Every structure is written in C-alpha cells, then in structure tokens.
Number of protein chains: 2
Amino acid sequence: MPKIVDPNDYTPKYYQLASILREQIEQGRLAPHESIPSERNLEEIYSVSRTTIRQAIDLLVRQGYLYREHGRGTFVSPQKLQKGISELTSFSEDMRRRGLTPGQKILDISMAPAPENVRKHLELAEGCQVLRIERLRLGDEVPMGLQTSFIALPEGQTLTREEVEQTGSIYRLLQEKFHLIPTEADETLEVTLATPREAALLQISEGSPLLLSERTTYSQYRRAIEFVKILYRGDRYRYYAKLTR
Amino acid sequence: MPKIVDPNDYTPKYYQLASILREQIEQGRLAPHESIPSERNLEEIYSVSRTTIRQAIDLLVRQGYLYREHGRGTFVSPQKLQKGISELTSFSEDMRRRGLTPGQKILDISMAPAPENVRKHLELAEGCQVLRIERLRLGDEVPMGLQTSFIALPEGQTLTREEVEQTGSIYRLLQEKFHLIPTEADETLEVTLATPREAALLQISEGSPLLLSERTTYSQYRRAIEFVKILYRGDRYRYYAKLTR
DNA sequence: TAATGTAACTGGTCATAACCACATCACGAC
DNA sequence: GTCGTGATGTGGTTATGACCAGTTACATTA
C-alpha cells in the first residue's frame, strides 16, 4: 500500500505523497469532512518524516483539497471548494476547463511601437517595439471574445504568424523559444459596451454589454512580458475566482 | 537590530520575522529585484533556525512580496506585484483599500425562507429560514452597488437591524456572536443590465450595464454561511485579481 | 583564447526531536 | 447530576543537521 519512495525519485517525496492523497480524495475514497490519518500516523504508514508529511498536506491545503483544525485533525474539503481556484491560465486552458473546444481566428499579427498605456503596463521605454496579436477567440466554434495581446519579446526577436497558428498557444512559444515562463499576473475586470466593429466580430448587436479583462503577465523573473485585453461576450462568459483570507 | 524573539511571544517567530522583512520591503529599504540575505545569513542575523527563516520567506512569497530563484537567491518583487492580491474581503474593506469611505443604506432586513437558488448555494434543506439583507452600498457617499445577502444563521438565532447598522460589518457580527469566521469563498462575475428598480436605486438609467458578482462564503469549518449577490455600477467599479500558477 | 571543471555559494528536500496550544473525553470530586 | 481536571490525541512551532540541486565565478587546461 505505501507505494511511496520510488527509486526513480525524480519528484520529491512530499510531492509523491500529495499526489497519493489527492488521488484518494478525487476518487472519493475519502468523504468530505472526513478526517485523514493524523500526521504521526501518516509518518508510520508511508515511512517518511513528519516534515515531509506536513509539506504534502500544506500543498493540498493551499490547493483547496484539505483543511486543518488545530487540536482536531485534518479534513477533506467538500468538492465545491476543490475547483475554480484562481490560476493563471491561457484562454485555451480556460476553455478546456469549461468543457469547450478552444479555437481562434487571427486578425492581425505584427510588430508595432507600443501605445502609451501598453508601455506603462509593460514597463517599456518610449518607441519600443512590441508584438501585437489580435485574435477572435472561439469556444466550440462560437465567438467568445476578442483578444488583443501586446508582447515584449527579447531584443530583436519575433514570432511568425505560422508559429502562432500552429501551436495556438503563445505561452508555449514563449517558453520554448525564449525560456520565459508566465508565473504571475494582475487582472482587472470591468463592464463596457460593444463598438460597431467589436459587435460585428463577436456577432452581437452594437452596444451589447461586454466583460473587459485587462491582464499584465509577469515572467519567472518578475518582469512584465505581456499585456492582454480581452472583450468577452457578456451573454456567454462568466468569470470564476476563489478567494481566501 | 535583530529585534526578534519578543518574550511576549504570543505570535510565532516566523511571523515576527516576516513582519520585519515585509516592513523593510514596504519602506523601500530593499529595492525591487534586490536580493535579501541568504537563508544561512538570516539564520545568524536573527539567531533563528533555517526552518523558521524558510517559513517566514514562504509566507512572503505567497503574499507576493518575494520570489525565489533556485541557486541564485531570494529577491524583492516589484511593487506592482505586491498589491491586488485576491483576498476575501467585505465590501467595507474593499472600499477602504480603494481609498473610499464605505457607507450603506439598509433597504430590508428580515428572516425569510431561502429561495431555491440560494438553498443550493448554502446547502440547506427545503423551507430553511435565512437572514436576508438588502443594502445599497456607497463609496464616498455615492451609490456603488446593490447588495443582497442571504445568511445561514445557527438554528433559532438572528440579527437585528440595529446590530447591522451599528457595526456595519456582518462579518464582525458573525465572528463575535456566533464564532463563525469567513475563510474562503467562491465568486463569479458576469455582466447584466439594470432593471428599472435597480437603475433607480443606483441612480443610473434603465438598461445600463452592471457587473454582477455572486459569492458563496465558507466558514473555518468549510460550511457555507453566506450567499451574496452584488450589482456594481459598471461605470464606477473595477474588479482586481491576482493570478498565480 | 576558449573550453572546462571545480569550489563556493544559493535555495530545495528530508530526517529527527522536542515542546507548545488546542480539543476531547473519561474519571473523579463535589 | 454537574463540574472540574487531567490524560491523550491533534495540529503548530522551532531547532539541528545533513545532503541534493541549481548558479556563478574563477582557476585550470587544452
């Protein structure tokens, strides 16, 4: 049973243990609000130190799978709390999580001098060139949003339309070509109304309400790499967040 | 200098240390992207074990103040990333963070059978009574949103209009009277249009776009305690979130 | 000179061990 | 019966010490 301690210990023990527990929870072998074995018990069960046990449990608590009560024990969170954790995802991932097939239609992709508001978000000097990508985003073939990305590429680098069309994921391209990993983002949401052009592209009537998301994404080095503006169809898109204190 | 180890050690050492470091960062004594002393150095500086050091740094990393790079060091996050962390806050706290003075006008407060959608969110049986509070929410005296709360109180308990008016904070009341602490919440945001009644209350024209927030709040025991619906004026309210991966 | 490797950092993982703070329950005193 | 009260079990904090895994810079080598 305690199948921990793989010799091919590519992954740390606490991570292996967390996976084991997470699996038990997801399969329902541990019911909501049921207590898991105490930390001292888990120590014996899996033959690892309490340090490791606590690291694994910490991880699952942060992910919303477990919660602790001092003096009482550690318990399984109800299903409700296990989903919708506010994570940094691309549009494609977002759609897949919602059970929709992501799609896109590239309207424009070009290098251009960054507009002033974009420069501010990306912390760039005046006259800097950025990659501008405008795309119509689809979910199950239906228009979901209109996305405009401004990307601060390393000096002299660029991405071609073909590369973007083939992978579909800017994030993967950034990682593979430039070793830039999106790790954090600031996002704002507000309401706006569709201009004639936006309405036409999104196949709604002019003046329809839209959800406007503006996001600045930061790399693993905490430098701004991307500023994205997405106009979501108000009738098709709902935003999820999970808050903690 | 190393003013750690207060004898009145009500608060744990790692928390004290985190406060010291956080203060240095906020005061700008540590510049963005500057490295803080290594963990082994901090061990000597503050005369605490590496365990404690790491716990303190972990906290600050989660809060967005620091970031680590394996093999290189621990660095100060730029200011941008330190704010807007998605935390569970009440309307009042939210307003204060935006530099506005929160206010409210209670429209209704009564015990009522929970509507079906509310029952579902609160995991209640049919016919259960909930406390319904409808309030016009103000920021600097100006209408910001229309809030309807449904609260699952302990059997037979209730809150009076006076209590709510005096404290202004439902959360504080819940904590003081019933020892219920809001710890987690699921929130959704979407776009909607103002009905005549909503428009009149919010002092906008009928059909104006609104930002609709629906939130289910959970106690420290992971039981749903509150379902809140807030209609924000689209022209006055913007939602902030911080995403990580 | 350019490549290489090695030493000396850095943070990441893990074990062991002790003690504290809170929750619960059974047992005894009243 | 009711009220402590302490034993025991839980998670929370801290210390010590070891080794692993990336990064960097400098000395060595080809």
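As it is a prediction, local features need pLDDT of at least 70, side-chain atom pairs count only at pLDDT 80 or more, and totals for chains, interfaces and linings use all residues. Residues are numbered from 1 along each chain as its sequence is written, while chains are lettered from A and ligands numbered from 1 in the order in which they are written.

Let us start with chain A. Its C-alpha trace spans about 65 × 40 × 30 Å along the principal axes, and the chain has 9 helices and 9 strands. Helices (H or I, at least four residues) and strands (E, at least two) are DSSP runs, numbered from the N terminus. Of the 245 residues in chain A, 33% are buried; that term asks for 20 or more other C-beta atoms within 10 Å of a residue's own, with C-beta atoms placed from the backbone. Two residues are in contact if their C-beta atoms, placed from the backbone, lie within 7 Å. Among the contacts in chain A with a separation of 6 or more, 57% link residues 24 or more positions apart.

Now find strand β6 of chain A, residues 184-193. Because 7 of its 10 residues are buried, β6(A) is largely enclosed by the rest of the structure. What lies beside β6(A)? Strand β7 of chain A (residues 209-218) pairs with β6(A) in the antiparallel sense over 10 bridges, where pairing requires at least two DSSP bridges between the strands. Within this pair, Asp186(A) has Thr216(A) as its bridge partner. Strand β9 of chain B (residues 239-244) also runs antiparallel to β6(A), joined to it by 6 bridges, and here Ala185(A) is partnered with Leu243(B).

There is a further crossing between the chains to look at. β9(A) runs antiparallel to β6(B), and 6 bridges join them; Thr244(A) has Glu184(B) as its bridge partner. This pair belongs to an open, antiparallel sheet of 7 strands, in the order β9(A)-β6(B)-β7(B)-β8(B)-β5(B)-β4(B)-β3(B). Its edge strands are β9(A) and β3(B), residues 102-113, each pairing on one side only.

How many residues of chain B are in contact with chain A? There are 35, and they meet 34 residues of chain A. On the chain B side, β6, β7 and β9 each supply at least two residues, and β6(B) gives the most, with 9. By class, this side has 17 nonpolar, 8 polar and 10 charged residues. Ala, Val, Leu, Ile, Met, Phe, Trp, Tyr, Cys and Pro count as nonpolar, Asp, Glu, Lys and Arg as charged, and the others, Gly among them, as polar.

Finally, turn to DNA strand D. It is surrounded by 21 residues, and the closest are Ser38(A), Pro12(B), Lys13(B), Ser49(B) and Gly71(B). A residue is near the strand if its C-beta atom, placed from the backbone, lies within 6 Å of it. At least two residues each come from α2 (39-46) and β2 (73-76) of chain A, and from α1 (13-26) and α3 (50-62) of chain B. α3(B) gives the most, with 4 residues. The surface near DNA strand D has 3 nonpolar, 12 polar and 6 charged residues.

Terms used
A residue is buried if 20 or more other C-beta atoms lie within 10 Å of its own, exposed if 12 or fewer, and partly exposed in between; C-beta atoms are placed from the backbone.
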